[in-house]
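Please read these points with the coordinates open.

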Amino acid sequence: MGYLCQQIRGDAIITNMFSKHIFDTDDMDIIEKQMKKSPRQGIKAALKLLMGSGGVNAFNAFIDCLNKSGFAHVAEKLQLDRKEKTETMNVEARLPDPESAPL
């Protein structure tokens with residue numbers, strides 16, 4: 001979250017997410033209220049909403065919005081991080097359960 005708050009600037013990403021129906025008008029009200037405090041607070045609120053209620057396609061839509069809003073470097077990092085975590089989870093899933101291993 002810290003990385004994203006540092007890297008993402010401006011309203012373009014939030015507007016793109018609203019146009020893709022990731023955020024509804026209630027979400028936008030919350031985000032705009034936080035944006036008045038500071039742009040970073042607005043981005044943080046948007047990210048929390050995205051993680052909490054963005055829906056099953058929210059990640060891919062968010063990546064698309066990042067690319068379209070000039071944050072391709074952020075999109076690349078997120079996709080790489082997600083790929084690494086998925087690979088790690090897949091490896092861990094194939095490991096035998098230490099509780100059931102014979103002694």
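**Notes on the model**

1. Lys77 and Asp81 are four residues apart in helix 6 (residues 72–94), so about one helical turn separates them. Helices here are DSSP runs of H or I with at least four residues, numbered from the N terminus. The side chains of Lys77 and Asp81 form a salt bridge, N to O 3.3 Å. The term salt bridge requires a side-chain nitrogen of Lys or Arg within 4 Å of a carboxyl oxygen of Asp or Glu. Lys77 is partly exposed because its relative accessibility is 34%, and Asp81 is partly exposed at 26%. For these classes, buried is under 20% relative accessible area, exposed is over 50%, and partly exposed lies in between (1.4 Å probe, protein chains only).

2. A word on the source. This is a predicted model, in which local features need pLDDT of at least 70 and side-chain atom pairs count only at pLDDT 80 or more, while totals for chains, interfaces and linings use all residues. Residues are numbered from 1 along each chain as its sequence is written, and side-chain values use heavy atoms, with hydrogens and water left out.

3. How many salt bridges does the whole structure hold? The search finds three. One of them joins Lys20 to Asp64, N to O 2.7 Å. This pair links distant parts of the chain, 44 residues apart: Lys20 sits in the loop between helix 2 and helix 3, and Asp64 in helix 5 (residues 58–68). Lys20 is partly exposed at 34% relative accessibility, as is Asp64 with a relative accessible area of 25%.

4. Asp64 also forms a salt bridge with Lys68, where the closest N and O atoms are 3.3 Å apart. Both residues belong to helix 5 and are four residues apart, about one turn of the helix. Lys68 counts as exposed because its relative accessible area is 60%.

5. The negative one gathers Asp11, Asp24, Asp26, Asp29 and Glu32; the positive one is formed by Arg9, Arg40, Lys44 and Lys48. Patch members have over 30% relative accessible area and no salt bridge, and like charges are joined within 9 Å.

6. Lys44, from the positive patch, lies in helix 4 (residues 39–53) and is partly exposed at 33% relative accessibility. Gln6 is in helix 1 (residues 2–7) and is partly exposed at 47% relative accessibility.

7. Are the cysteines Cys5 and Cys65 buried or exposed? Cys5 is buried, with a relative accessible area of 2%, and Cys65 is buried with 0%. The structure holds zero disulfides, a disulfide being a pair of cysteine sulfur atoms within 2.5 Å.

8. Check the backbone at His21. This residue has a positive phi of about 65° although it is not a glycine. His21 is found in the loop between helix 2 (12–19) and helix 3, and it is exposed because its relative accessible area is 71%.

Note on methods: Helix = DSSP H or I, 4+ residues; strand = E, 2+ residues; numbered from the N terminus. Patch = residues over 30% accessible without salt bridge, like charges linked within 9 Å, V, L, I, M, F, W, Y side chains within 5 Å. Areas by Shrake-Rupley, 256 points an atom, 1.4 Å probe, with all protein chains shown as cover. Lys, Arg positive; Asp, Glu negative; His and termini not counted. Charge placed at Lys NZ, Arg CZ, Asp CG, Glu CD.
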